Amino acid sequence: MKSINIGMVGYKFMGKAHSHAYRDLPMFFPKHIRPEMKVICGRNPQGVSEAATQFGWQEYTTDWNDLISRDDIDVIDINAPSDAHKEIAIAAARAGKHVFCEKPLALTLEDAREMLAVVKETGVKHMVNFNYRFTPAVMLAKKLIDEGRLGKIHHFRAWFLQDWITDPNFPLVWRLQKEIAGSGAHGDLGAHLIDMAHYLIGDISEVIGMNETFIKERPLPTEMTGLSASGDENSPKGEVTVDDATLFMARFANGALGSFEATRFATGHRSTNSFEINGSKGSVIFDFERLNELQVYFENDEEDVQGFRRVLATDEAHAYSDVWWPAGHTIGYEHTFIHAVTELLEAFAENRQPVPNFEDGVKCQQVLDAVDLSIEKRQWVQVSDL
């Protein structure tokens with residue numbers, strides 16, 4: 001295969017990020033299969049038409065059924081709101097299309113498992129876009145763990161802090177409605193933390209959590225675009241049906257302990273996505289606001305120079321760095337999407353399933369639901385019981 005034809009559903013925040021990845025990938029990964037940006041889909045004719053021109057898509061449509069019925073579409077990319085994931089993914093798989101889906105995979109664990117069953121039954125390739133896995137500094141942390149250089153892992157603590165809805169007059173966007181988003185900070189931000197924990201540490205065995213919705217009602221929006229919206233504070237109000245913040249503790253199958261915090265009410269934090277890992281031989285700290293860096297500590301350093309060191313993950317020894325810029329010249333958020341699409345295309349070239357895929361999406365959803373159940377019951381919950 002020299003190229004693969006993409007049909008994409010969604011054209012706002014994630015639609016722009018995915019489009020950028022498809023456009024830039026051939027420039028830096030010229031030996032890979034080329035993604036052809038065939039058709040973009042969205043419900044608003046004017047909006048999707050403008051996006052098609054701006055992002056570089058050949059055609060546009062307002063009906064996703066058009067995509068899955070076309071013989072010239074190979075992959076369906078789903079970055080529409082979460083309530084659309086299941087229906088589109090299942091229909092695409094049954095039509096023989098491969099599926100690249102944004103996170104969280106589904107609204108519920110039951111839906112996620114049904115999606116996984118269908119892609120397995122049809123034999124199509126399937127991937128979930130947990131893009132933060134593909135940050136070179138994160139992949140360095142994974143390498144240090146896998147090589148045993150941090151020793152036995154004792155702690156994983158992670159936090160994803162934002163402040164974009166602290167204003168009580170910020171409108172009731174779809175991300176604040178359970179029937180569309182599934183959950184709030186927990187499913188949107190916490191899903192990334194859970195997948196990161198699975199990727200770096202391993203399976204989570206039990207959880208206990210708590211959550212809060214600080215603002216119960218918000219004005220109905222007049223317009224929504226990505227993470228922004230407009231409205232009138234005097235407009236009718238609607239109920240916020242998701243969490244504003246969720247915190248939980250976890251025990252991993254390998255004995256490590258974990259703590260997780262996802263909130264949209266951390267004033268001063270635009271998007272602080274971080275983790276710290278402590279092992280018997282060393283520790284690492286990652287902060288996505290400084291995404292090119294990994295703080296590394298080794299216990300066997302001489303006492304007079306012991307301490308965290310800053311490692312800039314831009315040398316050729318670091319993942320993906322050989323295709324970008326000279327050492328020390330950093331990359332950004334958008335590059336994680338390019339790396340994710342690279343993994344998808346490599347899976348086609350090597351005739352394997354990409355990673356992370358719907359199996360990982362189900363595992364993540366299982367933990368999300370276990371935390372919700374623990375909050376409801378106010379007790380520890382075994383993840384395997386779900």
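Me: Why is Cys364 called buried?

Reply: Cys364 has a relative accessible area of 2%, and buried means under 20%, with exposed over 50% and partly exposed in between (1.4 Å probe, protein chains only). Cys364 is therefore buried. This is a predicted model, in which local features need pLDDT of at least 70 and side-chain atom pairs pLDDT 80 or more, while totals for chains, interfaces and linings use all residues. Residues are numbered from 1 along each chain as its sequence is written, and side-chain values use heavy atoms, with hydrogens and water left out.

Me: What makes Cys101 count as buried or exposed?

Reply: Its relative accessibility is 0%, so Cys101 counts as buried.

Me: How do you know whether Cys101 is bonded to another cysteine?

Reply: A disulfide is a pair of cysteine sulfur atoms within 2.5 Å. The closest cysteine sulfur to that of Cys101 is in Cys364, 12 Å away, so the distance is too far for a bond. Cys364 is likewise in no disulfide, its nearest cysteine sulfur being that of Cys101. Over the whole structure the search finds zero disulfides.

Me: Why is Asn351 called exposed?

Reply: The relative accessible area of Asn351 is 64%, so the residue is exposed. Asn351 sits in the loop between H9 and H10; helices (H or I, at least four residues) and strands (E, at least two) are DSSP runs, numbered from the N terminus. Its phi is near 50 degrees, a positive value in a residue other than glycine.

Me: What makes Arg378 count as exposed?

Reply: Arg378 has 75% relative accessibility and therefore counts as exposed. Arg378 lies in the loop between H10 and strand S19 (381-382), and its phi, near 55 degrees, is positive in a residue other than glycine.

Me: Which omega value goes with the cis peptide bond from Val355 to Pro356?

Reply: Omega is near 5 degrees for that bond. Pro356 is in the loop between helix H9 (333-350) and helix H10 (358-377). The bond from Lys103 to Pro104 is also cis, with omega near -15 degrees, and Pro104 belongs to the loop between strand S5 (98-102) and helix H5 (109-122).

Me: Which residues make the contact between H6 and H8?

Reply: The axes of helix H6 (residues 136-146) and helix H8 (residues 185-200) come within 10 Å and cross at roughly 35 degrees. Axes are lines fitted to C-alpha atoms, for helices over the stretch in contact, and angles run from 0 to 180 degrees between N-to-C directions. Val138, Met139, Ala141, Lys142 and Ile145 of H6 meet Met196, Tyr199 and Leu200 of H8, where contact means heavy atoms within 4.5 Å.
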